[in-house]
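Subject: Structure for you to look at

Hi,

Here is the structure I promised. Please open it first, then read my notes below.

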Amino acid sequence: MKETIISNITRRDFEGKRIRILSHQKELFPPEQYGFPKTYDVIVTWGDSSYRCTYRIGSKDGKARSGVLRLKDGLAEVLGDRVGMALALKRIDNNKYYLTAI
């Protein structure tokens with residue numbers, strides 16, 4: 001899979017400037033190592049602009065968790081309030097993604 005639909009953005013996620021990556025969406029990102037949380041730098045393109053963001057996966061307790069895509073570099077403000085709306089996320093290269101509204 002090289003593309004997934006994100007339709008789980010909550011008010012809390014919006015306010016925290018993040019998108020949770022659910023289990024069926026994690027295959028677009030670097031693999032999870034249970035018990036060893038890791039943060040990756042990723043580039044997310046929205047429209048004609050690219051933003052430096054981070055993706056965090058893993059937990060210290062060894063349980064599987066959702067990944068977290070932190071919207072940085074102004075991306076959260078450009079996206080605006082997307083609570084309850086769907087976005088398409090496509091992997092275009094290692095740690096490079098393209099985000100669009102659907």
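Start with strand S3 (residues 38-46) and strand S7 (residues 96-101): they run parallel and are joined by four bridges. Strands here are DSSP runs of E with at least two residues, helices are runs of H or I with at least four, and both are numbered from the N terminus. Two strands pair if DSSP finds at least two bridges between them. Val 44 has Tyr 97 in S7 as its bridge partner, and Ile 43 has Lys 96.

This is a predicted model: local features need pLDDT of at least 70 and side-chain atom pairs pLDDT 80 or more, while totals for chains, interfaces and linings use all residues. Residues are numbered from 1 along each chain as its sequence is written, and side-chain values use heavy atoms, without hydrogens and water.

S7 also pairs with strand S6 (residues 87-93), antiparallel, through six bridges. There, Leu 89 stands opposite Leu 99. Two residues lie between S6 and S7 in this hairpin, and Asn 95 in the turn has a positive phi of about 60°.

Now the whole sheet. It is open, has seven strands with mixed pairing, and runs S1-S6-S7-S3-S4-S5-S2. Strand S1 (3-6) and S2 are at the edges with a single partner strand each, so one side of each has no neighbour in the sheet.

Last, what does Leu 75 touch, leaving aside its neighbours within four places in sequence? Leu 75 is in contact (heavy atoms within 4.5 Å) with Val 44, Trp 46, Tyr 51 and Cys 53.

Best wishes
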